[in-house]
Amino acid sequence: MTFFEAFFIAILQGATELFPVSSLGHAVIVPRLLNWSMDQKSLAFLPFLVVLHLGTAVALLIYFWREWFGFAKAVLGRSKAGKTERRVFLLICIATLPAVILGFALEHTLRGFFGSPVLAAVFLIVNGFVLFIGERMRKRAKGQKTVDKIGWKAALAIGACQALALIPGISRSGATMVGGLMAGLTHKDSARFSFLLATPVIAGAGVLEVPKLIGLCREGTEVHGGLIVMAGVVAGVTAYLTTALLMRYFKKHDIEALDPFAWYCWAAGAGVLLIMVI
């Protein structure tokens, strides 16, 4: 992996993890599309992607530090107004469960998807339909709720949507935002809940994959620890800027705000299929 390849993928990951267009899908498609030397089937590729995700998680933790600080105080009983924070934290825990369970159960099966850009392109098109249909179904959701007003069943449903993103091409943020919209949240609140959900899921993946990457570095394989750390930092900076941009976007746009991303997914997925298949 060259410096340019790692730097480019880091920026791509930092942006597309939060834009509802699937960071994993892009990480699988772009290297093959540009004929890079990066081996997507190597043992180091998935841990490398996880390090990039960890950079994104740190960026989200910094951006939403007030919320996480509030959760910590509420859980420890040191917040006078901690009832709302405890409820939101509990909803985050509930929504995290499906991805954790399926991630453990299907780890080896899902790992095989990371070497198939054609499959990622197909699911990118599917992701476009998820976003587009989700916007239409949102009209059936009654009322406009804040995150602390949704129930545990709605949180579990949003978590199930998040689990779909274990497949490259399906966006984690897009799926959870659609789940939030269908639960009655505004675009801004569904994006906020989606971004808060990202931190525990990514941290869990890091606990599993980073030790594997460290082991590969010690074994003297073609894994460059310094390059990977640099890529994680770049991904984090990009993710922070992207979060600020998207939170402003969803605050100003609460009608069919996901449609532009659906159009992009259709165009990108179809374009990749035309290039690689035809």
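This is a predicted model: local features need pLDDT of at least 70, side-chain atom pairs count only at pLDDT 80 or more; totals for chains, interfaces and linings use all residues.
View 1. Glutamate 135 is found in helix 7. Once its neighbours within four places in sequence are left aside, its contacts are Leu181, His187, Glu256, Ala257, Leu258 and Asp259.

**View 2. The buried side of helix 7.** Helix 7 spans residues 117-138, and its 22 residues reach 31 Å from the first C-alpha to the last, which is close to the 32 Å expected at 1.5 Å a residue. Its buried residues are Pro117, Ala120, Ala121, Leu124, Asn127, Gly128, Leu131, Gly134, Glu135 and Arg138. Because these residues cover an arc of only 135° around the axis, they lie on the same side of helix 7. An α-helix has 3.6 residues a turn, so residues three or four places apart point the same way.

**View 3. Alanine 239 in helix 11.** Alanine 239 has its place in helix 11, which runs over residues 225-252, and it counts as buried because its relative accessibility is 0%. Not counting residues up to four places away in sequence, alanine 239 touches Gly14, Leu18, Thr56 and Ala59. Although alanine 239 and glycine 55 are 184 residues apart in sequence, they are 8.0 Å apart in space, taken from C-alpha to C-alpha.

**View 4. Threonine 238 in helix 11.** Threonine 238 is likewise found in helix 11, and with a relative accessibility of 15% it counts as buried. When its neighbours within four places in sequence are left aside, threonine 238 is in contact with Ile11, Gly14 and Ala15.

**View 5. Phenylalanine 195 and the nonpolar cores.** The largest nonpolar core has 46 residues, of which Ile92, Phe193, Phe195, Phe250 and Leu258 touch the most other members. Helix 10, residues 187-218, gives the most to this core, with seven residues. Not counting residues up to four places away in sequence, phenylalanine 195 touches Leu18, Leu60, Phe64, Arg172, Ser173, Met177, Thr243, Leu246 and Met247.

Conventions: Residues are numbered from 1 along each chain as its sequence is written. Side-chain values use heavy atoms; hydrogens and water are left out. Helices (H or I, at least four residues) and strands (E, at least two) are DSSP runs, numbered from the N terminus. The expected span of a helix is 1.5 Å times one less than its number of residues. Buried means under 20% relative accessible area, exposed over 50%, partly exposed in between (1.4 Å probe, protein chains only). The arc is that of the directions from the helix axis to the C-beta atoms. Contact means heavy atoms within 4.5 Å. A nonpolar core is a set of buried Ala, Val, Leu, Ile, Met, Phe, Trp, Tyr and Cys residues joined through side-chain atoms within 4.5 Å.
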